[in-house]
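Have a look at the model first, then read on.

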Amino acid sequence: MTGRSGGRPSLYPTLVYADAKAAITQLTEAFGFTELSVYEGENGLVLHAELTQGNGAVMLGSKGTGGVFDTAMKSAGPSGVYVVVDDVDAHHRRAVEHSAEILMPPTDQEYGSRDYMARDLEGNIWSFGTYAPEIPG
């Protein structure tokens with residue numbers, strides 16, 4: 001997921017949550033993300049947040065901010081995001097310890113990956129595994 005300049009990712013999955021603060025807590029505590037930045041409005045809604053995992057990142061915010069992205073996502077359904085992790089079993093144990101809803105336990109796949117799948121508090125599907133395709137430069 002490394003971008004072409006400065007080592008920055010070139011793709012950022014972006015999600016909106018009814019309770020972005022709870023989402024940030026779950027993503028950091030259960031799924032091991034690191035909070036990079038969180039910007040809140042005067043009303044306490046999360047206007048924009050960035051969380052990192054490995055060399056990738058996800059952006060998120062609160063539903064109901066009235067911004068262009070929030071408006072465009074108004075009728076969107078849950079999203080799915082795949083995150084590469086080094087130790088799937090340890091990552092899974094952490095998620096279970098924090099009561100994450102596990103949809104599929106760590107499983108060896110036919111294509112050589114080991115991964116598991118979980119649902120976050122608002123229905124988004126997060127897959128964590130070892131599959132990391134090489135992207136030609």
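## Starting from one residue

Is isoleucine 24 buried or exposed? Isoleucine 24 is buried, with a relative accessible area of 7%; buried here means under 20% relative accessible area, exposed over 50%, and partly exposed in between, using a 1.4 Å probe and protein chains only. Before going further, a note on the ground rules: this is a predicted model, where local features need pLDDT of at least 70, side-chain atom pairs count only at pLDDT 80 or more, and totals for chains, interfaces and linings use all residues. Residues are numbered from 1 along each chain as its sequence is written, and side-chain values use heavy atoms, with hydrogens and water left out.

Isoleucine 24 has its place in helix α1; helices (H or I, at least four residues) and strands (E, at least two) are DSSP runs numbered from the N terminus. Leaving aside neighbours within four places in sequence, isoleucine 24 is in contact (heavy atoms within 4.5 Å) with Glu35, Val38, Val46, Ala49, Leu51 and Leu60.

α1 lies across β1, β2, β3 and β4, running at about 10° to β3. Axes are lines fitted to C-alpha atoms, for helices over the stretch in contact, and angles run from 0 to 180 degrees between N-to-C directions. Those 4 strands make an open sheet in the order β1-β4-β3-β2, with mixed pairing; two strands pair if DSSP finds at least two bridges between them. β1 and β2 (34-40) are the edge strands with a single partner each, so one side of each has no neighbour in the sheet. On average, neighbouring strands here are turned by 20° against each other, direction ignored.

What does the mix look like, pair by pair? β1 and β4 go parallel over 4 bridges, and valine 16 stands opposite glycine 61 in β4. β2 and β3, on the other hand, are antiparallel over 6 bridges, with tyrosine 39 finding its bridge partner in histidine 48 of β3. The β2 and β3 hairpin has 5 residues between its strands, and glycine 44 there takes a positive phi near 90°.

## The other sheet

Another open sheet has 4 strands in the order β5-β8-β7-β6, again with mixed pairing. β5 and β6 are at the edges with a single partner strand each, so one side of each is left without a neighbour in the sheet. Neighbouring strands in this sheet are turned by 15° against each other on average, direction ignored.

β5 and β8 run parallel and are joined by 5 bridges; glycine 80 stands opposite isoleucine 125 in β8. β6 (residues 101-108) pairs with β7 in the antiparallel sense over 5 bridges, and threonine 107 has aspartate 115 in β7 as its bridge partner. β6 and β7 also form a hairpin with 5 residues between them, where glycine 112 in the turn has a positive phi of about 100°.

## Helix α3 and its buried face

Which residues of α3 are buried? They are Val88, His91, His92 and Ala95. Seen down the α3 axis, the buried residues fall within an arc of 100° (taken from the directions from the helix axis to the C-beta atoms), so they line one face of the helix. β3, β6, β7 and β8 are included in what covers them.

Histidine 92 is buried at a relative accessible area of 15%. Not counting residues up to four places away in sequence, histidine 92 touches Ile102, Pro105, Pro106 and Tyr116. After α3 comes serine 99, whose phi is positive, near 60°.

## The nonpolar core

In soluble globular proteins, nonpolar side chains tend to be buried together. A nonpolar core here is a set of buried Ala, Val, Leu, Ile, Met, Phe, Trp, Tyr and Cys residues joined through side-chain atoms within 4.5 Å. The largest one has 24 residues, of which Tyr17, Leu27, Phe31, Phe33, Leu60, Trp126 and Phe128 touch the most other members. Elements that each supply at least two of its residues include α1 (20-29), β4 (56-62), α3 (88-97) and β8 (125-129). The largest share, 4 residues, comes from α1.

Beyond its neighbours within four places in sequence, tyrosine 17 has contacts that include Ala23, Leu27, Leu60, Asp120 and Trp126.
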